[in-house]
Amino acid sequence: MIDKKTVTSVAKLARLEFPEAQIDAFTDQLNQILGHVEKLGELDTKSISATSHTIEMETPMREDKVVESEVFKQILDQSPAHEDNFFVVPKVL
Amino acid sequence: MELYELTLSQAAEKLRNKECSSVELTESALKRISETEDKIGAYITQTPELALEQAKKVDQKIAAGEKLASLAGIPIGLKDIFVTKDIRTTCASKILENFIPPYDGTAVSKLKAQEIVLTGKLNMDEFAMGSSTETSFFKQTKNPWNLECIPGGSSGGSAASVAADQCFASLGTDTGGSIRQPAALTGIVGLKPTYGRVSRYGVIAFASSLDQVGPMTKDVRDSALLLQAIAGHDPLDSTSVPKEVPNYSEFLQNDVKGLKVGVPKEYFIDGMDAEVKNAVEAAIKKYEEMGAQIVEVSLPHTEYAVSTYYILAPAEASSNLARYDGIRYGYRSTEAKNLHETFIKSRSEGFGDEVKRRIMLGTFVLSAGYYDAYYLKAQKVRTLIRQDFEQAFQKADVLITPTSPSAAFKLGEKTQDPVQMYLSDIFTINVNLAGLPGMSLPCGFTKSGLPIGMQLIAPAFEEGRLLHAAYAYEQATDWKTRRPSL
């Protein structure tokens with residue numbers, strides 16, 4: 001079971017904020033989902049290795065080459081705010 | 001008969017034989033869209049001018065006697081998760097409402113190289129998180145067979161558009177069933193290839209160890225054709241597998257004598273919808289009549305799949321969706337007073353509830369103190385699920401199961417109950433966890449006239465085997481001749 005306090009601190013980690021009423025609803029829903037996944041506890045997995053990837057393969061390597069971007073301007077144009085070659089953000093300090 | 005009623009391969013043949021032009025095919029599809037889109041709501045963005053321009057180009061090449069690729073000139077739709085150069089790509093989210101990508105993803109580039117005609121970008125659940133297309137920020141897509149029902153999800157727009165003859169085929173993506181379940185619920189054919197078979201480059205990421213791209217088509221032959229066009233290794237996706245792509249059309253054979261069709265007993269459970277159960281059992285009988293050998297197999301960890309998935313997928317999603325911070329692209333809140341608030345407010349205003357729920361769940365299971373109990377545990381159970389399939393495939397060539405526990409449900413029926421919604425993927429999730437290819441095709445209708453789908457599953461990289469088994473069944477039945485009346 002997780003409580004409201006945990007949900008609030010998870011929200012902080014996830015960079016999300018919720019109105020008070022929604023925190024309550026989320027706490028209920030997350031508990032419902034976590035209650036369902038508790039089922040995995042029935043299985044003994046001590047000697048089982050973890051699967052993070054289903055296809056066995058090596059990390060492909062390529063040469064680390066510097067290339068000019070042809071879409072530099074289009075990429076900048078997609079940003080909510082930019083100036084010269086930089087993304088503009090609210091004042092940090 | 002209207003041109004839009006043709007299958008992809010029939011349309012391509014007509015075009016090759018000069019019985020129609022690409023412009024005629026395109027005008028027919030566009031006419032169908034304008035006649036039915038108000039009812040169906042399959043598209044987030046339509047691209048009719050581009051479509052006609054592309055069609056004209058193909059017709060000019062035909063007139064000049066140039067040799068064309070097999071899909072040239074055929075109108076096809078794309079789930080709005082595929083990044084398309086200069087065409088808005090939203091992933092059905094407010095946070096990407098105005099995003100215009102500067103590049104094409106690999107699947108899109110491959111279709112463009114074949115000179116397909118693009119009808120537009122199709123509706124979906126926001127960031128592909130959902131089983132009904134109801135979490136889209138933009139609109140609700142309806143099931144062409146019954147406008148009060150959902151089309152399934154997350155590739156609900158892709159499924160509905162093909163079922164309604166608005167395009168000759170579409171591409172979807174499948175993380176836990178998002179191609180197969182909507183295909184089943186709309187009476188079309190949906191194929192999720194083996195993880196690594198199709199490049200994920202330029203597909204907006206949900207859960208990177210599970211996501212895969214696949215064709216959604218009117219029949220099995222079209223599925224082979226479209227898979228052929230998109231499969232293969234891509235250096236731009238480090239998880240794409242450098243394995244030769246066979247000629248998939250060669251697998252379209254009627255003869256299934258001696259094919260071992262495995263029936264996993266855990267997929268035929270008490271309390272499941274009787275009409276679905278009967279339809280799939282009738283299909284098993286059909287295979288037997290056709291000379292296939294039916295064998296019972298066991299996938300003992302099936303009941304753990306949904307729990308495993310709802311730890312792993314949200315964990316990966318919470319990490320993937322960290323990139324939406326309001327800085328480089330996407331929605332930025334105007335309410336923020338500093339950088340930290342820019343992150344929080346942009347994300348909180350930009351994401352919908354289901355996406356937030358999964359980010360929260362994922363962040364929680366990955367957070368300090370909970371990682372071993374949830375995430376690592378789920379990865380271990382994933383190993384058990386994989387091993388189940390390895391053992392089953394020692395006895396069987398393909399497996400047959402229902403695709404979805406029920407036919408299409410009513411709009412709004414499950415939106416308030418996340419766990420119920422998650423359980424609608426109970427038969428498809430395992431296949432993603434094990435990285436296997438799976439396919440849904442029509443196998444009947446409910447009394448109220450809604451389509452029922454069955455799922456075929458094969459070992460990794462044996463898409464050909466799926467196409468073979470599916471084609472033989474399709475030829476021996478006439479489900480595909482039934483179309484929704486709109």
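User: Why does B:Arg358 count as buried?

Analyst: This is a predicted model, and in it B:Arg358 has 3% relative accessibility. Buried means under 20%, so B:Arg358 counts as buried.

User: What makes B:Arg358 and B:Glu354 a salt bridge?

Analyst: Their side chains meet with N and O 2.7 Å apart. The cut-off is within 4 Å, so the pair is a salt bridge. Both residues lie in helix α11 (residues 353-366) of chain B, 4 residues apart, which is about one turn of the helix. B:Glu354 counts as buried too, at 9% relative accessibility.

User: Which residues are joined into one network by salt bridges that share partners?

Analyst: Those are A:Lys4, A:Glu20 and A:Asp24. Over all chains, the structure holds 24 salt bridges.

User: How do you know that B:Lys121 forms a salt bridge with B:Asp80?

Analyst: The closest N and O atoms of this pair are 2.9 Å apart, and the rule asks for a distance within 4 Å. B:Lys121 sits in strand β3 (residues 117-122) of chain B, while B:Asp80 sits in the loop between β2 (75-79) and α4 (106-113), so the pair ties together parts that are 41 residues apart in sequence. B:Lys121 and B:Asp80 are both buried.

User: What makes B:Asp165 and B:Lys218 a link between distant parts of the chain?

Analyst: B:Asp165 is in the loop between α5 (156-163) and β4 (169-174) of chain B, and B:Lys218 is in the loop between β6 (212-217) and α7 (220-230), 53 residues apart. Their side chains meet in a salt bridge, at 2.8 Å from N to O. B:Asp165 has a relative accessible area of 5%, and B:Lys218 has 5%. Buried means under 20%, so B:Asp165 is buried and B:Lys218 is buried.

User: Let's turn to the rings. Why is the pair B:Tyr310 and B:Tyr422 called stacked?

Analyst: There are 19 aromatic pairs over all chains. In this one, the ring centres are 3.7 Å apart and the planes are at 5°. Rings pair if their centres lie within 6.5 Å, and planes under 30 degrees apart count as stacked, so B:Tyr310 and B:Tyr422 form a stacked pair.

User: Where do B:Tyr310 and B:Tyr422 lie?

Analyst: B:Tyr310 lies in helix α9 (residues 305-320) of chain B and B:Tyr422 in helix α13 (residues 418-423), so the pair ties together parts 112 residues apart in sequence. B:Tyr310 is buried, with a relative accessible area of 3%, and B:Tyr422 is buried, with 4%.

User: Which residues do ring pairs link into a cluster?

Analyst: The cluster is made of B:Phe99, B:Phe127, B:Tyr324, B:Tyr329 and B:Phe351.

User: How do you know that B:Lys94 lies over the face of B:Tyr331?

Analyst: B:Lys94 is 4.8 Å from the ring centre of B:Tyr331. The rule asks for a distance within 6 Å, along with an angle within 35 degrees of the ring normal. B:Lys243 likewise lies over the face of B:Phe461, at 5.3 Å from the ring centre.

User: Which residues are closest to the centre of the largest pocket?

Analyst: About 510 Å³ of space lies in the largest pocket. Of the 22 residues that line it, the closest to its centre are B:Val83, B:Phe99, B:Tyr103, B:Arg323 and B:Tyr329. By class, the lining has 15 nonpolar, 2 polar and 5 charged residues.

User: Why is A:Phe72 called partly exposed?

Analyst: A:Phe72 has a relative accessible area of 44%. Buried means under 20% and exposed over 50%, so A:Phe72 falls in between and is partly exposed. A:Phe72 has its place in helix α3 (residues 72-77) of chain A. By contrast, A:Ala11, in helix α1 (residues 4-13) of chain A, is buried, with a relative accessible area of 4%.

User: What is phi of B:Ala92 near?

Analyst: Phi of B:Ala92 is near 60°, a positive value in a residue other than glycine. Most residues other than glycine have a negative phi. B:Ala92 is found in the loop between β2 and α4 of chain B and is buried, with a relative accessible area of 0%. B:Ala128 also has a positive phi, near 65°.

Terms used:
Residues are numbered from 1 along each chain as its sequence is written. Chains are lettered from A and ligands numbered from 1 in the order in which they are written. This is a predicted model: local features need pLDDT of at least 70, side-chain atom pairs count only at pLDDT 80 or more; totals for chains, interfaces and linings use all residues. Side-chain values use heavy atoms; hydrogens and water are left out. Rings of Phe, Tyr and Trp (its six-membered ring) pair if their centres lie within 6.5 Å; planes under 30 degrees apart count as stacked, over 60 as edge-to-face and the rest as tilted. Helices (H or I, at least four residues) and strands (E, at least two) are DSSP runs, numbered from the N terminus. Buried means under 20% relative accessible area, exposed over 50%, partly exposed in between (1.4 Å probe, protein chains only). On a 1 Å grid over the protein atoms alone, a cavity is a set of points where a 1.4 Å probe fits but cannot get out, and a pocket is an open set with protein on both sides within 12 Å along at least five of seven lines; lining residues have an atom within 4 Å of a point. Grid points are joined across faces, edges and corners, and a volume is the space filled by probe spheres set on the points. Ala, Val, Leu, Ile, Met, Phe, Trp, Tyr, Cys and Pro count as nonpolar, Asp, Glu, Lys and Arg as charged, and the others, Gly among them, as polar.
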